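Please look over the structure shown here before reading on. The notes that follow go through it topic by topic.

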Amino acid sequence: MNIDIHPSPSPVPPHVLADYLADPGFGKYFTDHMVVIEWTPESGWHSARVQPYAPFVLDPAAAVLHYGQEIYEGMKAFRHPDGSVWTFRPRSNAARLNASARRMAMPEMDEELFVAATDALIREDSDWVPSSSGHRSLYLRPFMFASEPFLGMRPARHLTFAVIATPAAPYFPGDLSPVSIWVSEHFTRAGEGGTGAAKTGGNYAASFIAQTEGQQNNCDQVVFLDSVQRRWVEELGGMNLFFVLNDGSVVTPELTGTILEGITRGSIIELLKSWSIPVTERRISIDEWREGVANGRIQEVFACGTAAVVAPVGRLVWSGGELDWATQAGELTRKVRDALTDIQYGHREDSFGWLHHVK
Ligand SMILES: *Cc1c(COP(=O)(O)O)cnc(C)c1O
């Protein structure tokens, strides 16, 4: 499919862009362009274009505003020392978008079209990809929503896919200082048979109240437990978890259908295996976590996701107490973070074939 290019008549002036890129924060500034592609049952995906970044014109009856039929992705573009620009495993994002689409009764999209769309936006706005110093990147947000104006109860028949992009500094400021985590005991984010394994906005809407509770308890993030026994560790609001044990092995919660399958998670499992470190995907209870850090069986805990890459966890707080076990990142946590970011920024050979050349 052809992607038409409609360049912006008023791009951000270079000196303003330079200011943005010097201190981008996260999700504050958006690039000059966006991708938009429409879907109807008659035409499939059509009218693909790169157009100036602008608000959507959305009918008040658009189904997404009422029933939340929406899915999204998160991925990054990195600038290498030679100036070239690369994305990380974009086909995995395309495949996951389609898995989310199936769960949310939305149309799938050809993986090649997804990659072409993200590439087209990055090429048009390539000046927005920061230099690699300070682990900056261009964060891409592909998303799809029900744009059909119709209040009936059925999957929408007009969907809009779009990609926007925002320059990003590291998600957690500070050089890998451990984050604190609140155990959500009242609220869960996903139930069996529900949408926990789909990357859909509603999962986040359901988790914000727990995030607020965590902040009131001076925590950076929240860990969700399974909704049935309130015992099994699932994940954070937007990151997966890893536990490094004192026998040198690593455990991560298994994918039970209520956990989002992170691409960072999958990459870390592959990395650990390539280093001959045993990784087990199994259930781990909140008691095993508490007892493990107390008796030394658990040496390191870290969270991972595209935005933060790797975030060490150093403190766990719940309504009845707290445990503090790390003031700095553990050795394996650092090694994993360095390996991933070195590959992403072109400082280490990409022996896994994870990078995709854009420009
Ligand atoms: C996106 C997301 C993750 C992390 O996935 P990555 O592909 O590694 O960025 C983890 N949990 C949830 C709930 C998410 O939405």
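The model shown is a predicted one, and in it a polar side-chain atom of Lys199 lies 2.6 Å from an oxygen atom of the ligand. The protein chain itself is divided into two domains, with domain 1 covering residues 4-168 and domain 2 covering residues 179-344.

- In the side chain of Arg96, an N or O atom is found 2.7 Å from an oxygen atom of the ligand.
- Ile263 takes part through its backbone, where an N or O atom lies 2.8 Å from an oxygen atom of the ligand.
- Of the 380 Å² of accessible area that the ligand has on its own, the protein covers 97%.

**The surroundings of the ligand**
- The ligand is surrounded by 15 residues, and the closest of them are Arg96, Lys199, Glu235, Thr264 and Thr306.
- When the residues of this shell are sorted by class, 4 are nonpolar, 7 are polar and 4 are charged.
- The largest pocket is the space that the ligand takes up.

**The two domains**
- The centres of domain 1 and domain 2, taken over C-alpha atoms, are separated by 27 Å.
- Where the domains are in contact, domain 1 contributes 21 residues and domain 2 contributes 23 residues.

Technical notes
Residues are numbered from 1 along each chain as its sequence is written. This is a predicted model: local features need pLDDT of at least 70, side-chain atom pairs count only at pLDDT 80 or more; totals for chains, interfaces and linings use all residues. Side-chain values use heavy atoms; hydrogens and water are left out. A residue is near a molecule or strand if one of its heavy atoms lies within 4 Å of it. A polar contact is a pair of N or O atoms within 3.5 Å; within protein, one must be able to donate a hydrogen and the other to accept it, and residues adjacent in sequence count only if both atoms are side-chain atoms. Accessible areas come from the Shrake-Rupley method with a 1.4 Å probe; for residues, only the protein chains shown count as cover. On a 1 Å grid over the protein atoms alone, a cavity is a set of points where a 1.4 Å probe fits but cannot get out, and a pocket is an open set with protein on both sides within 12 Å along at least five of seven lines; lining residues have an atom within 4 Å of a point. A molecule sits in a cavity or pocket if more than half of its atoms lie within 2 Å of its grid points. Ala, Val, Leu, Ile, Met, Phe, Trp, Tyr, Cys and Pro count as nonpolar, Asp, Glu, Lys and Arg as charged, and the others, Gly among them, as polar. Domain bounds come from an automatic or database domain assignment. Contact means heavy atoms within 4.5 Å.
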